[in-house]
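Welcome! Below is a short tour of one structure, with a stop at a ligand and another at a sheet.

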Amino acid sequence: MDQPAFQEVSQNSPQAIPTQMRRIEGREWWLWGFAVAVTLALTLGIISFTFPWLNRETDVAYWFDLREWVRGLAALVLLFDFYAVYQHMQLHRIRRQLAERDQLFHLISENAADMIALVDSDGRRLYNSPSYQKVLGYSNEDLNSTSAFEQIHPDDRPRVEQAAKKARLTGQGERMEYRVLHKDGTWRTLESTASPILNAKGQTDKLVIVNRDITERKRAEEMLAHNAFHDGLTNLPNRALFLDRLQHALTLSKRHPNYKFAILLIDVDEFKIINDSLGHKAGDELLIQLAQRLTCSVRQADLVSRPRTSGVPDRPLHDNTLARLGGDEFTILLDDVRDPIEAVRVAERMQAELAVPFVVNGQKIVISVSIGIAASTSPHTQAEDLLRDADIAMYRAKRAGKGRCEVSDPAMHASAVKRLSLETDLRKALDQGEFRVYYQPIVSLQTGMFTGFEALTRWQRPEGVLSPMDFIGVAEETGLIIPMNRQLLREACQHLRSWQSEFPSTPPLTMSVNITSKEFAQPDLASEIRKCLEQTGIDPSCLQVEIIETIAMGDAEKSGQVLAQLKALGVRLSIDDFGTGYSSLGRLRRIPVDTLKIDRAFISNMERDPENREIVRAIIVLAHNLGLKVVAEGTETEEQVSLLKQFNCEMAQGYFFSRPIDDQAMLKLLASNRNARAASVGG
Ligand code: C2E
Ligand code: MG
Ligand code: MG
C-alpha cells in the first residue's frame with residue numbers, strides 16, 4: 001500500500017487538511033528564523049552586560065538602558081515562544097486527525113462491500129480493497145500482476161480508458177458502468193466512480209476508484225424491460241415491441257424503396273370454443289405449443305429460397321419478428337419480402353404446419369388458422385394502419401370460410417393470385433406435356449453453315465405460345481425446372497441424333513442446352529447428362545452446356561467442382577450472356593470453358609455505338625487469347641454479321657439467320673442450308 005497517498009485522502013474534503021498543514025508548516029519556518037535572530041541579539045546583549053569592559057563607556061545610564069532593552073527583548077521572545085508552542089499544538093492536532101482519518105479510510109476500505117482501488121496515472125494498481133476477492137474472486141497478487149484495465153470487457157475497455165484519460169487531464173472523474181471478468185470466467189457489471197488525487201502542482205497523480213457490483217440490479221432491470229415488451233405466457237414479443245419494430249421497418253421501407261416486407265396476422269379459428277370446452281389452462285397450453293410451432297416455422301422461413309441480399313445496405317438479412325398481440329392473435333413481420341407470393345407461401349406453409357394435431361393434456365386438438373397479409377408497399381406510414389390492414393384481410397379470410405389466407409393490397413393480391421395460378425398451371429403443363437422444344441441455329445460465320453442449335457423451351461398454352469422469360473423464374477423457384485429440363489435434354493438429344501445422321505458434317509452438328517443455378521446445384525447433374533447421352537447415343541463433345549457468367553464464376557470451389565465433373569464427361573462448356581455479369585477475367589482463365597457467348601445487348605447496337613463495338617472486339621480478342629471460341633448472340637442485321645466477320649468471330653446466332661423454330665421447321669431449314677451450301681460450292 002502507498003502510505004503517503006493514503007494520508008492525503010480524506011472523506012469530505014480530501015484536500016483541506018493537507019493545505020492547512022502546509023500553511024502552518026510554512027509559518028513554522030518563519031517563526032524559527034525569527035526566534036533564532038532574537039536569541040542571537042539577546043545573547044549579544046547579555047555578553048555585553050556581563051563583560052562591561054568590552055564597552056568603551058561605562059556610565060550608569062547606559063547600564064540602566066541596556067537592562068530595559070534586554071527585558072523588552074526577553075518579553076518578545078516569550079511571546080514568540082507561546083505562539084510557536086500554539087502552532088506546534090495545532091500541527092500535532094492536525095497530524096492526529098489525519099492519522100484518525102487514515103485509520104477510518106483503512107477501516108472503511110477494508111470492510112466496505114464496494115471495491116476500492118487506488119491506481120496511478122498509468123493504470124497500475126497501488127491498492128485494492130479486500131472486497132475485490134469477495135466480488136471478483138481475485139487475490140491481491142492476481143490484481144497486482146495485472147493492469148487496472150485488463151479484466152474489463154474488450155467492448156467497454158476503450159470507453160473506460162477514455163474516461164480515465166479525461167479524469168487525468170481535467171481532474172474530474174465520472175460515474176460509469178462496465179463489465180469486468182470474474183475469476184470464474186463470468187462477466188459482472190460494475191458501477192464505478194473515479195476521483196482524482198492531485199499533486200502539489202495541481203495535476204492528477206492518482207485515481208481512487210470505487211466500484212460497486214450491480215450485476216444483479218442490471219439483471220433485474222433487464223428482466224423488467226423484457227417483461228414490459230414480452231408476453232408472459234409465450235415469452236414472445238408483445239404488441240408494444242411488435243409495433244415498435246414494425247414502425248422501424250416501415251420507416252426504412254419508405255427511405256429505401258428496394259426494402260420490402262410483409263406482415264402476417266394469424267388468428268386461431270374458433271379458439272373460444274376450444275377454450276370454453278377444454279378450460280383456460282388447456283387453452284393456455286395450446287397457445288404455448290402454437291407459439292413454439294410458429295417460432296420454428298419463422299426460423300425456417302429464413303432459410304427457404306429468399307433473396308440473398310437485403311434491399312438496404314448494411315442491414316442484416318431476414319430480421320423476422322414473431323409476436324403475440326394478445327389472446328389467440330399472433331403476428332409475424334416477414335423481413336425482406338421481394339414478392340407478395342413469398343408471404344403467401346410462408347402463410348400457407350404455416351397453415352399446413354399448424355394443421356398437424358396438437359396434444360394437450362393427452363388430448364388431440366385439431367385447429368385451423370386464418371391469416372391476413374399486408375405489405376410494406378401500401379401507402380401507410382404508421383405501423384398501426386398497416387396492422388389494421390392485415391386485421392381486415394384476416395377477417396376477410398375468416399368470412400371466406402376459415403383456414404384461409406387473404407392479402408390486403410389489391411395489386412398484391414392480384415399478383416399473388418396470378419403467380420399461384422402460374423405455379424399450378426406449370427405443374428399441370430409438365431404432366432400434360434405442354435412444353436415444346438424450339439431450336440435456333442448457330443451459324444459458322446466463315447462458311448455460313450449451321451454448326452449446331454440452341455434448344456429453347458416454349459410453353460404451348462391454349463391461348464398461345466409463352467416465352468421462357470415469363471415462366472423460367474417460377475419454374476426455377478419451385479424446382480419444376482429440373483423435370484422440365486430433363487425432358488428437354490432428352491428430346492433435344494433425340495432430334496440432334498436424327499439430324500446428325502441426316503446431315504452429316506465435320507465436325508458434327510452440336511446441341512446447346514441452358515442450365516440454371518438450381519440445376520447447377522443438383523449433385524446428380526453430371527450423371528443425369530451422361531445417362532441421357534448414353535441412351536440417345538450422342539457423342540459428349542456434341543453437347544454444349546450453357547451456363548450464365550454469375551453461376552459459372554460464383555462460389556469458386558463449388559462451381560469448380562461441378563464444371564470439372566461436366567468436363568470429365570467430355571461435354572463442352574459455354575459461358576452464356578457473357579458481359580452481363582461480373583466476371584473475374586482471372587477466373588475465366590482457370591475454369592474449363594470452351595466457348596463465350598457474347599450477350600445480345602452488345603451485339604444489338606454494335607453498328608451504331610462505337611463503345612459497344614469496341615467491347616465486342618475486346619471480348620473476342622480476350623476469348624481468342626484464352627483459346628476460346630466466340631458465339632455472337634442476337635445477331636439481327638447484315639451489318640452486324642460483317643462487323644463480326646471483321647473481328648474474326650467464329651459463330652453467330654440470331655434472327656438474321658433464324659428465329660427459334662420447332663423441329664419440323666428446323667428440318668426444312670437444315671435442308672435448305674445444305675442446298676444453299678451445295679449451291680455456293682457448286683457455283
Ligand atoms: P439465352 O440462353 O441467352 O437464349 C437466347 C435468347 O435470345 C432466346 O430467348 C432467343 O429467342 C433470343 N434471341 C435469339 N436471337 C435473337 C435476336 O436476334 N434478337 C432478339 N431480340 N432475341 C434473340 P428465349 O428463347 O426467350 O429464352 C430466353 C432465356 O431463357 C434464354 O436465354 C435462356 O437463358 C432461358 N431459357 C430458354 N429456354 C430454356 C430452357 O429450356 N432451359 C433453361 N434452363 N433456360 C432456358
Ligand atoms: Mg443460352
Ligand atoms: Mg444468352
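## What counts as near

Before meeting the ligand, one term: a residue is near a molecule if one of its heavy atoms lies within 4 Å of it. Please keep in mind that this is a predicted model.

## Around ligand 1

There are 25 residues around ligand 1, and those that come nearest are Thr457, Asp576, Arg600, Glu636 and Tyr655. Glu636 also has a side-chain N or O atom 2.4 Å from a nitrogen atom of ligand 1. Tyr655 uses its backbone instead: an N or O atom there lies 2.8 Å from an oxygen atom of the ligand.

How much of the ligand does the protein cover? On its own, ligand 1 has 790 Å² of accessible area, and the protein covers 88% of that.

## A five-strand open sheet

Now to the sheet, which is open, has mixed pairing and runs in the order β7-β8-β6-β11-β12. Because β7 (321–326) and β12 (405–407) each have a single partner strand, they stand at the edges, and one side of each is left without a neighbour in the sheet. From one strand to the next, the twist averages 20°.

Further in, β6 (residues 262–268) and β11 (residues 369–375) are antiparallel partners, joined over seven bridges. Leu264, for example, has Ile373 in β11 as its bridge partner.

## The helix on the sheet

Helix α12 (residues 383–399) packs on this sheet and touches β6, β7, β8 (329–334), β11 and β12. The direction of α12 makes about 140° with that of β11.

Definitions and conventions:
Residues numbered from 1 in each chain as written. Chains lettered and ligands numbered in written order. Predicted model: local features only at pLDDT ≥ 70, side-chain atom pairs only at ≥ 80, totals over all residues. Heavy atoms only, no water. Pairing = 2+ DSSP bridges. Helix = DSSP H or I, 4+ residues; strand = E, 2+ residues; numbered from the N terminus. Axes fitted to C-alpha atoms, helices over the stretch in contact; angles between N-to-C directions. Contact = heavy atoms within 4.5 Å. Polar contact = N/O pair within 3.5 Å; in protein donor to acceptor, adjacent residues only side chain to side chain. Areas by Shrake-Rupley, 256 points an atom, 1.4 Å probe, with all protein chains shown as cover.
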